[in-house]
Amino acid sequence: MASLKSDGIMIEKNSKKTIYVLVLILSVALLMPSEVEAKKGDPHLRLVNPKNKISSKFVPKKLVKIKNLSEYDSKYISRREEIRMEKTAAKQLLKMLKSANTKAGHKFYLYSGYRSYATQKQSCGGQNNAVRNSSGLVTVAAPGTSEHQTGLAIDITGLGNSKSYSYPKKGTPERWLLDNCHKYGFIYRYQGKYSGETGVANEPWHLRYIGVDDAKNLHKLDISFEKYIKNYDKYTTAKVIFKTNKGEFSKEKYSGKSSITKKIKLGKKLKSLPNVERTGFVFKGWYTKKAGGTKISNNTKINKKTILYARWEKEIVDVPEEIENRDINP
Ligand SMILES: [Zn+2]
């Protein structure tokens, strides 16, 4: 039978099934949230800001009370004696407090952890707008834009101190946190130098949990979380360059090339190494330097851009006896 053609899509008669599938695809597409979802399915990397709002109904799946604070000489300052955080963040927070306490004798106040949408709205005087300082920077996030709703943020200061410092002095518990929090998976999220990108005022007491590997990586990169998430793949992969060092790659598709580049996720193993050959030489492995350096294996974890050189040793050819013993000048 005749078929209709519209915008390049063939619609056959009796095509209820096709239409049903199309409607289904459209519905799924429409239901997809417009916000930037956590990268690679990791909820700890969720970006929350005015452009990436969190639903009013969102509650972290694993929300736990932060218990046994007194073990680390620390206290809640909250009226509600039950600050809660997402499970992993809570565990890592306690680990961090314990370290600060045993290593440096620091004691802390916990001001605020998880805050529901409703609580956040209360903090904004029942309004849907953020509270801003005289420079127009956010000091209390509008409901739906606060990281506290993810359960991954904590407001914390030294015991007896208030949230009224710009950058903590050396030797203070607040400074210890900023210098060490990345080791436990937390970041100094709202630094004054990122205010242009975040729109938020400097908040050295607000720490955000993103996971240990990413926190260490971000600390080293010294960029905003917004920038990090936007270019996540770029910032979390490293180039590994293999140089044949006068040899040749065995694979035909690399023939004639003196080097190839692989992209490896930071912290991951190389897994496979390219095969190389060189006439008259024996391959001794891949090394970090042309001479000397370290030999790497497929178990080596990559943490930065790495150049590797094929190492060669001259082949010793056994000379057959009859040739060796032949009289050169008969
Ligand atoms: Zn905060």
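**Exercise 1. Confidence along the chain**

Task: In this predicted model, over which residues does pLDDT stay under 50, and how many contacts beyond four places in sequence does the model have there?

Solution. 
- Start at residues 1–14: pLDDT stays under 50 there, and the model has eight contacts beyond four places in sequence for them.
- Move on to residues 21–37. The pLDDT is below 50 here too, with five contacts beyond near neighbours in sequence.
- Now take the whole protein. The average pLDDT is 86, and 83% of the residues score at least 70.

**Exercise 2. A five-stranded sheet**

Task: In what order do the five strands of the open sheet lie? Which strands are at the edges?

Solution. 
- The order is S14-S12-S18-S16-S17, and the pairing is mixed.
- Check the two ends. S14 (259–265) and S17 (295–296) each pair on one side only, and are the edge strands.
- Look inside the sheet. S16 (residues 281–287) and S18 (residues 306–314) run antiparallel, joined by six bridges.
- Pick out a pair: Trp 286 has Ala 310 of S18 as its bridge partner.

**Exercise 3. Strand S6**

Task: Why is S6 described as largely enclosed by the rest of the structure? Which strands do bridges join to S6?

Solution. 
- Count the buried residues. S6 spans residues 108–112, and four of its five residues are buried, so the rest of the structure largely encloses this strand.
- Take S4. Two bridges join S4 to S6, and the two run parallel. Tyr 76 has Leu 110 of S6 as its bridge partner.
- Take S9 (residues 153–158). Four bridges join S6 to S9, and this pair runs antiparallel.

**Exercise 4. The largest nonpolar core**

Task: Which residues touch the most other members of the largest nonpolar core? Which element gives the largest share?

Solution. 
- The core has 36 residues. Leu 93, Ile 156, Cys 181, Phe 186, Ile 187 and Leu 207 touch the most other members.
- Next, find the contributors. Elements giving two or more residues include H2 (87–104), S6, S9, H4 (173–180) and S10 (186–188).
- H2 gives the largest share, six residues.
- Zoom in on Ile 187. Leaving aside neighbours within four places in sequence, its contacts include Cys 181, Leu 207, Ala 215, Leu 218 and Phe 225.

**Exercise 5. One face of a helix**

Task: Which residues of H4 are buried, and what do they pack against?

Solution. 
- Pro 173, Glu 174, Trp 176 and Leu 177 are buried in H4.
- Look down the axis of H4. The buried residues fall within an arc of 160°, so they line one face of the helix.
- These buried residues pack against H2, S6, S9 and S11.

Note on methods. Residues numbered from 1 in each chain as written. Predicted model: local features only at pLDDT ≥ 70, side-chain atom pairs only at ≥ 80, totals over all residues. Pairing = 2+ DSSP bridges. pLDDT = per-residue confidence, 0-100. Contact = placed C-beta atoms within 7 Å. Buried ≥ 20, exposed ≤ 12 C-beta atoms within 10 Å, placed from the backbone. Core = buried A, V, L, I, M, F, W, Y, C linked by C-beta atoms within 7 Å. Arc of directions from axis to C-beta.
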